Amino acid sequence: MIRIFSNVESIRYSAYHIIKAFFQDEDAAQENSLPPGSQEDLSGREYLCVYRDEQILLCSADKLDKHETDILLYDTLKKLTGRELPWGVLTGVRPVKLAMEQLDKQSRSGFIEHFRKERRVGKRKAGLAYDIAVRERRLIRSVLQGKDRDLGSFSIYVGIPICPSICSYCSFSSGLLSVWKDRLDEYIDALTGELAQAAGWLKDLSLTSIYIGGGTPTVLTEKQMERLLGCLRDNYHAEKTAEYTLEAGRPDTITKEKLELAKSYGVSRLSINPQSMQQKTLDLVGRRHSTGQIVEAFELARELGFDNINMDVIAGLPGETARDMADTISRISVLRPENLTVHALAVKRAAALGSLKTDSRVIDEMIDTAAKGAETMGMYPYYMYRQKSIAGNHENTGYAIPGRECIYNVMIMEEVQSIFAFGAGATTKILLKEKVQNPDRAKGVMTDMLRQDNVSSIADYISRWREMAETKEKTFDIGKVPCYYT
C-alpha cells in the first residue's frame with residue numbers, strides 16, 4: 001500500500017498518477033493530513049511525503065514547485081525501480097498540445113532534448129508528439145482556412161450511450177440495450193429535441209464535422225436512425241459538412257439497411273471496431289460477435305461505397321500476447337481500412353477488469369507491433385491522447401492514410417473550435433476569444449474554453465433535455481461575453 005501525504009492538492013494529485021504509473025498493480029491513497037510522526041516538523045509548511053508500507057520513499061517540504069517536485073519524485077522512483085516511464089512526468093491527456101506550442105520555437109531534435117530534460121519523456125514518445133503536432137497543425141489550418149483556432153466554426157457530437165452488451169474493460173456510462181430498448185424512441189425524442197433547439201442559436205456559425213458516437217449508435221432501429229439523421233439534415237445541413245462520422249462499433253448491430261440510410265444522409269466515415277481479432281478475447285470481454293461478423297460488416301460497408309473506415313484495436317486485453325496483436329493487425333491489414341486507432345487499455349475503477357494485472361513489456365511490444373502494421377498499411381500517426389490508469393504508461397494513437405485523417409478527433413483534442421455535444425453524458429466545450437476565470441476551479445485559474453456537461457443518466461436526460469438545451473444556450477451566451485466570469 002502506497003500512501004501519499006500532501007497539503008497541496010495539485011502536487012498530491014500529480015504525485016498519485018506518477019506513482020500509479022510506476023506501481024500500476026499496487027493500491028495508492030491520497031491524504032491531505034500530515035503523516036504520523038511528522039506534525040512537528042512539517043507544520044505550517046507545504047509538503048509531499050510518500051510511504052510504501054512502512055518505508056519512506058520521499059519526503060519534501062517548504063515552498064514546493066509542482067514541476068520540480070514531479071521531477072524529484074520521478075527520479076526517486078526511477079532509481080528505486082530501475083524503470084523509466086515512456087511519458088516521464090506527464091500525467092495530462094494531451095501531450096501533443098505541449099509539442100504544438102513549441103513548433104515555432106524549437107527544431108525536432110531540440111524539442112526531443114527539451115522534453116527529455118524537462119519532462120523526462122523518452123525520445124521515441126517525444127518524437128511521436130512532435131511529428132503528430134506538425135501533422136495536426138497542417139490539418140487544422142487546412143480545415144479552418146489558415147487559422148490555428150476559429151470562434152466562428154464548430155463541430156457536433158451526438159451521443160448514443162447504449163450497447164448490446166457491456167465490455168468488461170469499459171468504464172463509460174453506457175446502458176444495456178436490453179434495459180433501454182423500450183425507451184429508445186423516448187431517447188431519440190429528447191435527442192432530436194435538443195438538437196433542433198440548439199440549431200436556432202448556432203445558425204450564424206459554420207459547421208465543420210459531425211460525430212455520432214456512443215455506446216453503439218447502430219443499436220438504433222432503422223426508423224430511429226432515420227429520425228436522428230433526418231434531424232441533423234434538416235437543422236444543420238449535415239450532408240454538407242467536411243466530415244460526417246458514424247460509429248458502427250459492434251458488427252452484430254450493423255445491417256445493410258442502416259448503412260444504406262447512413263450513406264443516403266451523407267455519412268462519409270464509419271468506425272467498425274474489432275478491438276481484437278482473437279475470438280477467445282472477444283468471448284472473454286463480453287463482445288457478443290464473431291471475428292467473421294467483423295469481416296462481413298466491413299465488406300458490406302465497402303460494397304455500399306464507404307471509402308473511409310476506421311478500425312479500433314486495444315493493446316493489453318486480458319490473456320493477449322504480442323503474437324495475438326500481430327495476428328490481429330495482420331487480419332485487419334487484409335481489409336485495408338483508411339484509419340487504425342490503437343488504444344492502450346485504460347482500466348478504471350468502474351470497469352470489471354479494475355484489478356487486471358498488466359505486463360508493461362508486453363504492452364510495449366503490442367504498441368510497437370500495431371505501429372509497424374499501420375506503417376505497412378501506408379498510414380502515419382496523426383492524433384494522440386492519453387488516459388489515466390493507461391496500461392504501460394502509453395497512449396492512444398490514431399493512424400491514417402494521408403488525406404483520410406479524422407477531422408473531429410483533431411478538433412476536439414486540440415480545442416481549436418467549439419464542440420457542441422448532445423445526448424446523455426455529452427460534454428460541450430465552447431471556445432472563448434480570451435481567457436477568463438474558470439468557473440469550476442479556484443480563483444486565478446484561467447481558461448479559454450467553457451464546459452457544459454449533460455446529465456449522464458439516460459432517464460434523467462429524457463426528462464430534462466430542455467434544461468440541458470437551455471443550459472447549453474446560456475453557456476454559449478457566456479462565451480460571447482467573456483467578462484461574465486472575470
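This is a predicted model: local features need pLDDT of at least 70, side-chain atom pairs count only at pLDDT 80 or more; totals for chains, interfaces and linings use all residues.
**Exercise 1.** Work out which side of helix α5 is buried and what the buried residues pack against.

*Solution.* 
- Start with the length. Helix α5 has twelve residues, 108-119, and at 1.5 Å a residue should span 16 Å. Its end C-alpha atoms are 16 Å apart, which agrees.
- Next, find the buried residues of α5: F111, I112 and F115. They cover an arc of only 100 degrees around the axis, so they sit on the same side of α5.
- Residues three or four places apart in an α-helix point the same way, because there are 3.6 residues a turn.
- Now turn to the face away from the buried side. Exposed S109, E113 and K117 are carried there.
- Last, the partners. The buried residues of α5 pack against α4 (95-100) and α6 (123-143).

**Exercise 2.** Find what the salt bridge between R94 and E415 ties together.

*Solution.* 
- The closest N and O atoms of R94 and E415 are 3.1 Å apart, inside the 4 Å cut-off.
- R94 lies in the loop between α3 (66-81) and α4, and E415 in the loop between α15 (407-414) and β15 (418-422). The pair therefore ties together parts that are 321 residues apart in sequence.
- R94 is partly exposed at 23% relative accessible area, whereas E415 counts as buried at 17%.

Methods. Residues are numbered from 1 along each chain as its sequence is written. Side-chain values use heavy atoms; hydrogens and water are left out. Helices (H or I, at least four residues) and strands (E, at least two) are DSSP runs, numbered from the N terminus. The expected span of a helix is 1.5 Å times one less than its number of residues. Buried means under 20% relative accessible area, exposed over 50%, partly exposed in between (1.4 Å probe, protein chains only). The arc is that of the directions from the helix axis to the C-beta atoms. Contact means heavy atoms within 4.5 Å. A salt bridge is a side-chain nitrogen of Lys or Arg within 4 Å of a carboxyl oxygen of Asp or Glu.
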